[in-house]
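Open the model in your viewer and keep the selection tool at hand. We will go from stop to stop, and at each one you will find something to select and a note on what is there.

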Amino acid sequence: MAKVVAVVASTHHPFYYRASTATGADRPPFADEWTSKILAFRETLTRANPDVLVMVGSDHFHQLWLDNMPQFLVGKAPFYDANWYNEEREFGLPRMLLRGQEDLSSYILREGLDAGFDLAFSNELRIDHSITCPIITLRPEADLPIVPIYTNIFAPPLPRPKRFVQLGQTIRELVESWPSDLRVAVIGTGHLSLELGGPRQFGPHGPDPEFDRRAVDWIASGDLDGCLSEVTLDSLHAPGNATHGFMDFMLMMGVAGAGAKADYVDSLDLFHTMEAYFTWYPNGAPAA
Amino acid sequence: MSRYLIDKFLYTVDRDPDLVERYRDDPVGTVTWWEAERANAVLNCHTGEASTWLRFDDAERAALSTHDYVKLFELGAHPFLTLTLFIAMFERDHAEPLAFQKQYAARLAHFDLPYPDIAT
């Protein structure tokens, strides 16, 4: 059976690419520290030596639209073009092309349906920065085949937090029952407190540093019970109007498992939002 | 009340570089044209198929026609769509990085939780 060699969760900050590649007067003062943290985070994935990446993210009204909106969608395609015109325009993100791992996509779809998740699928999916940001930060060679999984954290009505956790638990079970010798990393990105298009946006820190502190504690300690006891669809409005993206972190806590302490934890307090980086090694940490 | 149609306008304009410029330069004309010619296009469908019933109400048409993003927030337009399109149109007019985004936040400062509902 396939082995989950790493579970990786992070924020997906679309400005990282531009900040880290800027030079001279264009380079922001926080770029060096940010890049240094990303290189250390990247090493946690490199050390796990994965063959396949399951990538959990959320489309930002690019291909998925309100006339036909899935709650959870699995890509099944041989290739995925990536990044969109408005992401080039606003963030300077490059166009990319990623290979797909269709066998694992098929397996997750079939077994996921049988496990009680009515997963939507796409045979022609152009992915966006929720998936390409972690490719850029964690695997900039973009050389490994992926299985993209999209969640709806964006267009209400949304699934409840518990459902995200359950899907994460199911993804873990499905990957570990996939008849394959391949080494799989499950990578997912979400948000801590975040405000977009509201009065608390683009402040000197994230809109709710106290929520961020508690969220990092929940994730780092694998405290699913504590997190689920406090986080609801309603409560997530308080830390910022885009904070429902935190449910993708909860999904990743489900992948990692209840009580699983992260093997690697880091964060970076930036303007607008806090960055956070977590890696678990379910089968033990690889040799340095 | 057609939050969906406001969002559809923001979504379709934001994804077309020519439309972004056209809406920046001529908001009244662009909204009028779009409501007449594009509002009923079924997006994820064969081209040429259309709905028959979608139109703005007066407040929605006025907010879009005046670039009034504060009113759009009040009406429950999806804040991500509004922000993304308005950055594309107006960030260029500000010399300092993030100046437009901060001004945008300041103009919304009178809103308290709960914010206007964005469900469609």
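**Before you start**

This is a predicted model, in which local features need pLDDT of at least 70 and side-chain atom pairs count only at pLDDT 80 or more, while totals for chains, interfaces and linings use all residues. Residues are numbered from 1 along each chain as its sequence is written, and chains are lettered from A and ligands numbered from 1 in the order in which they are written.

**Stop 1**

A compact globule of 288 residues would have a radius of gyration near 19 Å, and chain A, with 17 Å, agrees. That radius is taken over C-alpha atoms, and the globule rule is 2.2 Å times the number of residues to the power 0.38.

How much of chain A is buried? The share is 51% of its 288 residues. Buried means that 20 or more other C-beta atoms lie within 10 Å of the residue's own; exposed means 12 or fewer, partly exposed is in between, and C-beta atoms are placed from the backbone.

**Stop 1: the nonpolar core**

Next, select A:Val54, A:Ala185, A:Val186 and A:Met250. Of the 110 residues in the largest nonpolar core, these touch the most other members. Such a core is a set of buried Ala, Val, Leu, Ile, Met, Phe, Trp, Tyr and Cys residues joined through C-beta atoms within 7 Å. Now colour helix 9 (residues 246-256) of chain A, which gives the most to this core, with nine residues.

Zoom in on A:Ala185. Leaving aside residues up to four places away in sequence, A:Ala185 touches several residues, among them A:Val5, A:Leu45 and A:Pro50; contact means C-beta atoms, placed from the backbone, within 7 Å.

**Stop 2: loops of chain A**

Go to the loop between strand 7 (146-151) and helix 6 (161-177) of chain A, where A:Pro157 lies. A cis peptide bond joins A:Pro156 and A:Pro157, with omega about 10°.

Then pick A:Phe202, in the loop between strand 8 (183-190) and helix 7 (209-221) of chain A. Its phi is near 55°, a positive value in a residue other than glycine. A:His272, in the loop between strand 9 (264-269) and strand 10 (274-280) of chain A, has a positive phi of about 80°.

**Stop 3: where the chains meet**

Show both chains. Here 31 residues of chain B are in contact with 23 residues of chain A. Which element gives the largest share of the side of chain B that touches chain A? Helix 6 of chain B does, with eight residues.

**Stop 4: helix 4 of chain B**

Select residues 58-65 of chain B, which form helix 4; B:Glu60, B:Ala63 and B:Leu64 are buried there. Seen down the axis of helix 4 of chain B, the buried residues fall within an arc of 95°, so they line one face of the helix; the arc is that of the directions from the helix axis to the C-beta atoms. These buried residues pack against helix 1 (3-14), helix 3 (27-37) and helix 5 (69-75) of chain B.

**Last stop: B:Pro114**

Finish in the segment after helix 7 of chain B, where B:Pro114 lies. A cis peptide bond joins B:Leu113 and B:Pro114, with omega about -5°.

Definitions and conventions. Helices (H or I, at least four residues) and strands (E, at least two) are DSSP runs, numbered from the N terminus. Two residues are in contact if their C-beta atoms, placed from the backbone, lie within 7 Å.
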